[in-house]
Amino acid sequence: MSSTPGITPDPAAAQGRLPREHSRWLAAQARIVRVPLALAAAAPLVSGALLLVQAWLLAWVLDAAIAARAPRADLVPAIGAIAALILVRAALAWLGERAGARAAEIIKQHLRLALFDRLLARGPAWSRGRVSGELASAIVDQVEALDGFFSRYLPAAAAAAVLPLAFAAVVLPFDVVAGLLLLVTAPLIPLFMALVGWGAEAASRRHLHAFARLSGFFADRLRGLSTLKLYGRAEAEAQSVAMASDAVRRRTMAVLRIAFLSSAVLEFFAALGVAGMAVYFGLTYLGFLDVRTSPLTLQIGFFCLLMAPEVYAPLRQFAAHYHDRAAARAAVSQIAAAFDGLPEIAVPGPHKAETPREQAGHPPSTQAAALQAQALTVRAAGRPAALLDVAQLALSPGAHVALMGPSGSGKTTLLETLCRLRAAEGTIRLDGVPLAGWDETALRARVALVGQRPYLFAGSLAANIRLGCPDATDEQVHTAARRACVLEFAQALPGGLDTLLGSRGMGLSGGQAQRVALARLFLRDPGLILLDEPTAHLDEATQARVLDEILAFAQGRTLVLATHAQAVAQRLPRTVQLAHGKLVPA
């Protein structure tokens with residue numbers, strides 16, 4: 001079987017049902033929003049009870065006007081009551097829709113936050129092994145696919161489970177044949193819909209998987225567009241994107257075909273039931289059929305005929321939203337595949353989470369941090385030797401250390417491990433508290449890491465610097481830019497610090513991007529500073545000025561600076577060498 005570029009074969013296509021733990025997780029999310037979901041489910045049930053009264057009043061009005069020839073004045077109260085019931089039922093429908101939409105929005109918000117927290121908790125080592133487009137598609141598109149399940153499908157399922165049988169049971173005492181006809185035909189619709197639904201769920205999984213792969217495929221091509229154009233591959237990759245898009249289109253049409261088939265099944269049986277009721281009452285009124293023990297009045301006949309389509313109306317609504325269930329279940333599978341499992345969603349309470357120091361009765365410190373690392377061991381896939389092999393490091397508050405070692409020795413790995421961005425064996429304590437016990441927000445405020453390839457967003461230079469402190473004033477941003485020697489090249493740009501950058505800092509060199517990241521650091525107040533080759537792309541004069549500012553800023557703070565340059569290491573009072581996974585004094 002040929003494959004389409006950018007779309008890999010779907011492993012979910014071979015799966016049968018949704019794994020049980022995924023089904024339980026999807027059902028468990030409803031507990032987060034019990035009240036709005038209960039309101040959304042109760043609204044159609046109350047509306048159904050009012051519908052019985054409305055249909056009976058309408059049948060009475062028709063019987064009185066046609067058979068009894070009652071004067072219009074006698075019919076006005078009943079007609080007014082019917083109009084009032086219609087308005088109340090419309091208000092209930094609006095209230096149910098709003099409650100369902102509110103429930104879905106709450107669940108989506110909590111799920112996106114939980115996925116984002118998992119993305120941060122796994123760290124860059126995990127995310128580098130994933131396709132960024134697939135992760136973005138899971139957080140945005142797949143989570144959005146859950147909207148219809150909670151806002152429409154669950155309330156429709158509750159109504160479909162109760163109202164058809166309740167309506168048929170109400171009709172049964174008035175006419176046994178009509179009641180039995182409704183009781184027999186109504187359950188056939190969910191049965192055949194379930195058979196069609198299995199195919200719809202499998203098709204939805206294939207569609208969502210293909211869409212996620214297309215998102216990653218397109219994002220990768222867009223990110224490398226300049227390189228593709230440089231090497232003359234833009235036209236070929238555009239054709240690949242078109243072919244991948246066409247594959248997604250075909251899968252989308254397959255899902256729509258199954259959805260239309262399920263609707264056709266429902267309409268067939270609903271039309272069959274209503275037509276059977278009409279034929280039965282028509283033959284009875286004409287005298288060709290007589291199976292009743294009592295005369296069939298016009299009011300009873302009208303009431304049963306009015307209720308016949310209403311018995312199937314909840315099932316029609318259920319069928320209209322049945323594909324939302326298939327889409328949601330497929331989205332859950334895709335989220336689990338993208339994030340290696342489903343997150344546990346904890347509803348945030350009104351109180352603020354305490355940091356480890358606050359829990360111990362200590363206020364958050366703004367002084368230099370103390371760091372102890374013992375028996376650190378980190379392994380990387382594809383490498384026989386450990387990057388860190390039972391490494392030891394102890395830093396007293398305010399210590400300044402240069403970290404040296406050949407390329408690939410694990411300096412970046414060590415820095416990422418010390419700030420909990422990479423998993424490791426061993427023990428790390430920050431201010432005497434195990435690193436694993438630190439609250440994420442408190443840890444990021446306490447520790448600052450500036451890597452070799454800082455990420456710059458599309459926006460102005462000033463906006464990129466202000467990421468270090470969103471509340472910083474223009475004067476503070478200007479001062480930080482001056483200290484990081486950003487002003488030296490910014491003043492030559494058309495807009496100065498207001499010059500707009502492209503995505504990933506396009507328009508700046510590596511050394512200029514590094515200085516923007518250092519300017520962010522100068523807006524913060526960390527206790528531990530971790531720098532990875534901060535002066536690697538700078539000339540000697542600029543390197544000296546930037547290093548002076550770094551050391552001045554690091555006074556009263558703990559500093560670990562990874563470097564290849566011996567001249568840089570000599571500016572720090574202590575140097576450690578990383579070689580063969582061990583840390584030894586230089």
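I started with the open sheet of four strands, which has the order 2-1-4-5 and antiparallel pairing. The model is predicted. I looked up the edges next. They are strand 2 (388-395) and strand 5 (433-434), and each pairs on one side only.

I then went through the pairs. Strand 1 (residues 371-378) pairs with strand 2 over five bridges, in the antiparallel sense. Within that pair, I found Val 378 bridged to Leu 388 in strand 2. Strand 1 also runs antiparallel to strand 4, with five bridges joining them. Here Leu 371 stands opposite Leu 430 in strand 4. Strand 4 (residues 425-430) and strand 5 are antiparallel too, over two bridges. Leu 430 turns up again in this pair, opposite Val 433 in strand 5. I noted a general point for reading side chains: in a regular strand they alternate between the two faces of the sheet.

**Helix 11.** I checked the length of helix 11 (residues 322-338) against expectation. Its 17 residues should span 24 Å at 1.5 Å a residue, and the end C-alpha atoms are 25 Å apart, so the two agree. Is the helix enclosed or open to the outside? I found 13 of the 17 residues buried, so helix 11 is largely enclosed by the rest of the structure. After the helix comes Asp 340, with a positive phi near 55°.

**Ile 300.** I picked this residue in helix 10. Its relative accessible area is 16%; the cut-off for buried is under 20%, so Ile 300 counts as buried.

**Largest pocket.** The largest pocket holds about 2,600 Å³. I counted 50 lining residues. Nearest the centre lie Pro 124, Leu 421, Arg 453, Tyr 455 and Phe 457. Several elements give two or more residues to this lining, among them helix 4 (132-144), helix 7 (188-223), helix 13 (411-418), strand 6 (447-450) and helix 18 (510-522). Which element gives the most? It is helix 3, with six residues. By residue class, I have 25 nonpolar, 13 polar and twelve charged in the lining.

**Second largest pocket.** I put its volume at about 650 Å³. The lining has 27 residues, and Pro 44, Ala 93, Glu 97, Ala 159 and Gln 317 lie nearest the centre. At least two residues each come from helix 2 (34-66), helix 3, helix 5 (147-174) and helix 10 (298-320). The lining divides into 16 nonpolar, six polar and five charged residues.

**Cysteines.** How many disulfides are there? I get zero. Cys 419 has a relative accessible area of 1%, so it is buried. Cys 469 reaches 24%, so it is partly exposed.

Terms used
Residues are numbered from 1 along each chain as its sequence is written. This is a predicted model: local features need pLDDT of at least 70, side-chain atom pairs count only at pLDDT 80 or more; totals for chains, interfaces and linings use all residues. Side-chain values use heavy atoms; hydrogens and water are left out. On a 1 Å grid over the protein atoms alone, a cavity is a set of points where a 1.4 Å probe fits but cannot get out, and a pocket is an open set with protein on both sides within 12 Å along at least five of seven lines; lining residues have an atom within 4 Å of a point. Grid points are joined across faces, edges and corners, and a volume is the space filled by probe spheres set on the points. Ala, Val, Leu, Ile, Met, Phe, Trp, Tyr, Cys and Pro count as nonpolar, Asp, Glu, Lys and Arg as charged, and the others, Gly among them, as polar. A disulfide is a pair of cysteine sulfur atoms within 2.5 Å. Buried means under 20% relative accessible area, exposed over 50%, partly exposed in between (1.4 Å probe, protein chains only). Two strands pair if DSSP finds at least two bridges between them. The expected span of a helix is 1.5 Å times one less than its number of residues.
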